[in-house]
Amino acid sequence: SQMRSLKTFQRAFSTRDWAFKPTFTPEFTTHRYEKSMPAFRVMDQEGNILCKEFENIEKDQLIDFYKLMRKLNVTDTVFNISQRQNRVSFYMTSWGEEAEVIGSTAAIKFEDMVYPQYREQGGLMFRGFSIQDMAHQLFGNKNESGKGRQMPVHYGDKDKNWMTVSSPLGTQVPQAAGAGYHYRIRGEDKICMVYFGDGSASEGDSLTALNFAATLKCQTLFFCRNNLYAISTPADDQFAGDGIAPRGPAFNIPTIRVDGNDLFAVYNATKIARDIIVKEKGPVLIESLSYRVGDHSTSDFSKMYRDEEEMKKWENYLPIISDPILRLHKYIEKNNLIQDLEKVEKEWDDEVRKEVMKALTVAEKEKKAKISDLFLGVYHDKPLHLQEQEKELFDHLEKYGSEYGLKDYEAEQFA
Amino acid sequence: GRLWGGTSHCFVVTTRWGLQVHAGRQVLRQYAAAAAATPSTASPQGERKKMNLFTAINDALRIALETDANACVFGEDVGFGGVFRCTVGLQEQFGDQRVFNTPLCEQGIAGFAVGMAAVGATAIAEIQFADYIFPAFDQIVNEAAKYRYRSGNQYDCGGLTIRSPCGAVGHGGHYHSQSPEAYFAHTPGLKIVMPRTPVQAKGLLLASIRDPNPVLFMEPKALYRAAVEDVPVGDYTLPLGVGQIVQEGSDVTLVGWGAQVNVLMNASEMAAELGISCEVIDLCTILPWDRDLVANSVRKTGRLVISHEAPKTSGFAAEVAATIQNCCFLSLEAPIQRVCGYDTPFPLIFEKYYVPNAYKNLEAIKSVMEA
């Protein structure tokens, strides 16, 4: 048993040292945090490039990214309005985080698994989820892959390696560690990227996931979107430390802090992070600094807590990180990448608006799944008690069906 | 022979069925002896070897790791063999990438296991004591159980099995004795299995691991050493969702699970001396439970006693009682009795008074007969 305890210090597989190597000193120190970790940026808020070596996105690809960022923004706007019009029951915009989400998803491979939190629809759109797909999910109709089981914006698409969103916060973070572990021991050069916000980063699940991923060596990219608000809770009520980035080195995880509103920075940082993961076979933490421009959701009215007094907190910070679409617009304009930029932008936006309106109309008309679908998928099959409960409901609907608006659901015989 | 109450001796008892019980200090309780007295009724064929509950579990884990390249076994202290020896030898045989210690965090273990299962691994996680499963409750209830349903069947946690020792052990007190099955039985999407004998443990664990649904496998820790029998050495499974009639009878149906079934057997022996014939049922799977097996028995006997260590209020006996009174009302000769732990935290010095022992069950049996 003495021999066995030595085993804990041996690893069959170690490309990173155990950081615990204390030396001893008579010099007494209480360690206090001294300097905030700087955030990497390539492009300033005026669209000027600060380091040419990272101005490395091909023109066509950059324009595609920009177009998608605008598409995301307009899509969010129209869907948000559709909730105010009572067409859709709930929505969450990602205004201000377009570069962060698109830049990061674009930088990893399609085969890499992504675990979203709930504000990363831009990444899913990058992978090919259409506006129509989104509209179907918002209405929870029968065409939606989640079959209307969950609230709007709880997207999931296995074909696009995009995990289904779930409302409990932070639960996805240790799950991504587990997925990354499986990829490593199966010898796959895949990673699992997981998004989580500044608020979710406080959850026990998130903190423990960092420790698990570092200790067990998981091919997991932890991408924290620090957008300064968790519903109404500002970041200075969320943590006292220097944000999320310092937690990485504490667990011996290579960490990158990045300007989340700089597409070049996010794209490059994520690409480099992925390379580190595949090479070192361990996790990386990215903290991306951004700002949640919109309300938390359509159930939130952020003016209530983001009044003049509150906004004074960020009066030096916000102008520096400024809007990702505006920054890229300035860059594109400065570099003449698109002729008649404003005209082109307007055309794009109009087209997207039309597409969203159409998608809403189509999705609205579609039926919801059959009533029997209520009982499917609890288990891989339908156990006896669920068969009986289904029959109970069917018997009930035979009598009372007219009270229930059955016409909105795919037709089904209850007898 | 029969043993009464807890003592601090260590000795071997040969029961009337010829099985030997090796009973350690403070683990001598009525049901420890009765464990040896109630062999499995489902018995696959083939060469057999004497195993106790933890060696049978160990054997099942070994077979799972041998037959499934995607399987991993992990949790706190799993590497050196586990605090109950269930994982002895596995790390040596399969390496420390498939059998490994995790950091000390149940919510992390569960979340990590869910994520592994979600991408196709067979994740066999251990929670060291069921008393500590509560930090993992969110991952189990909100995530694992709902993975398939909420994703419209795109994703699932079928590859997830969580094993955890549960139940009274003689000296465990509040936090080494709990039986939390009722909390989880309230969660659609989960399966909950509790073996009683080594043959059951191996077959049910292999079935649980291979079942395409997330399964909580609760292991009655008092039986780890106390339950011994000849177990088939090969690969076999026993069906989930199927209860076992451990003893046929005609006057009253006794229902329990895990170690409590042995207490019921003890009580039935005492009842037999009074001329009462008890039919004893081991549910084996708590969710989904074998309602028809119990219902058919109650239609025959007209009387039902359900017994579990967990506190009475909202314990799983409440589910069984409500369901059986609904489907067997006209067959019932007497109210359904529940003989359970009291509605208190599990006490240390009062354990003997707290647990639903054979005497309390005998009184319940008598009361349904006299009704």
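**Entry 1. Strand 7 of chain A**

I began with the pairing of strand 3 (residues 220-226) of chain A, which runs parallel to strand 7 of chain A and is joined to it by six bridges. The model is a predicted one, and I read every entry below with that in mind. Within this pair I found C224(A) opposite E287(A) of strand 7.

I then turned to strand 6 (residues 255-259) of chain A, which also runs parallel to strand 7 of chain A, with five bridges between them. Here I256(A) stands opposite I286(A) of strand 7. I followed the chain from strand 6 to strand 7 of chain A and noted that it passes through helix 10 (residues 263-280), in a right-handed β-α-β crossover.

Which way do the residues of strand 7 of chain A point? I recorded V284(A), I286(A) and S288(A) on one side, and L285(A), E287(A) and L289(A) on the other, all of them buried. Strand 7 (residues 284-289) of chain A is largely enclosed by the rest of the structure, because six of its six residues are buried.

**Entry 2. The nonpolar cores**

I looked next for the largest nonpolar core and found that it has 95 residues. Those with the most contacts inside it are Y115(A), F222(A), F74(B), F112(B) and I324(B). The element that gives the most to this core is helix 4 (residues 106-118) of chain B, with eight residues. Apart from this core I noted another, of 71 residues, which includes V42(A), A107(A), I256(A) and V278(A). As background, I wrote down that nonpolar side chains in soluble globular proteins tend to be buried together.

What does F222(A) touch, leaving aside its neighbours within four places in sequence? Its contacts include V284(A), L285(A) and I286(A), residues that I had already listed in strand 7 of chain A. Also among them are V173(A), A177(A), V194(A), F196(A) and P283(A), as well as A209(A), L210(A) and A213(A).

**Entry 3. I244(A)**

I located I244(A) in the loop between helix 8 (235-238) and helix 9 (247-250) of chain A. With a relative accessible area of 1%, I244(A) is buried.

**Entry 4. Between the chains**

The area buried between chain B and chain A is about 4,100 Å², and carbon and sulfur atoms give 56% of it. On the side of chain B, Y149(B), Q154(B) and Y155(B) lose the most area to chain A, together 18% of what that side buries.

I searched this interface for salt bridges and found one. I also noted that R291(B) forms a salt bridge with E388(A), with 2.6 Å between the closest N and O atoms.

**Entry 5. Chain B as a whole**

I counted 14 helices and 16 strands in chain B. Chain B has 371 residues, of which 65% count as buried. Of the contacts in chain B with a separation of 6 or more, 79% are between residues 24 or more positions apart.

**Entry 6. Backbone geometry**

Where did I find a cis peptide bond? It joins L287(B) and P288(B), with omega at about -10°. P288(B) belongs to the loop between strand 14 (285-287) and helix 11 (291-301) of chain B.

V153(A) is not a glycine, yet its phi is positive, near 65°. I placed V153(A) in the loop between helix 5 (131-139) and helix 6 (172-185) of chain A. V153(A) is buried, with 1% relative accessible area. K217(A), also not a glycine, has a positive phi of about 65°. K217(A) sits in the loop between helix 7 (204-216) and strand 3 of chain A, and at 6% relative accessibility it counts as buried.

**Entry 7. S82(A)**

Last, I looked up S82(A), which is in helix 2 (residues 59-84) of chain A. Is S82(A) buried or exposed? S82(A) has 0% relative accessibility, so it counts as buried. Beyond residues up to four places away in sequence, S82(A) touches R87(A), V88(A) and L360(A).

How values were computed:
Residues numbered from 1 in each chain as written. Chains lettered and ligands numbered in written order. Predicted model: local features only at pLDDT ≥ 70, side-chain atom pairs only at ≥ 80, totals over all residues. Heavy atoms only, no water. Core = buried A, V, L, I, M, F, W, Y, C linked by side-chain atoms within 4.5 Å. Buried < 20%, exposed > 50% of the residue type's maximum accessible area, 1.4 Å probe, protein only. Helix = DSSP H or I, 4+ residues; strand = E, 2+ residues; numbered from the N terminus. Contact = heavy atoms within 4.5 Å. Pairing = 2+ DSSP bridges. Right-handed = clockwise from strand over helix to strand, strands pointing away. Buried area = accessible area lost by both parts, 1.4 Å probe. Salt bridge = Lys/Arg side-chain N within 4 Å of Asp/Glu carboxyl O.
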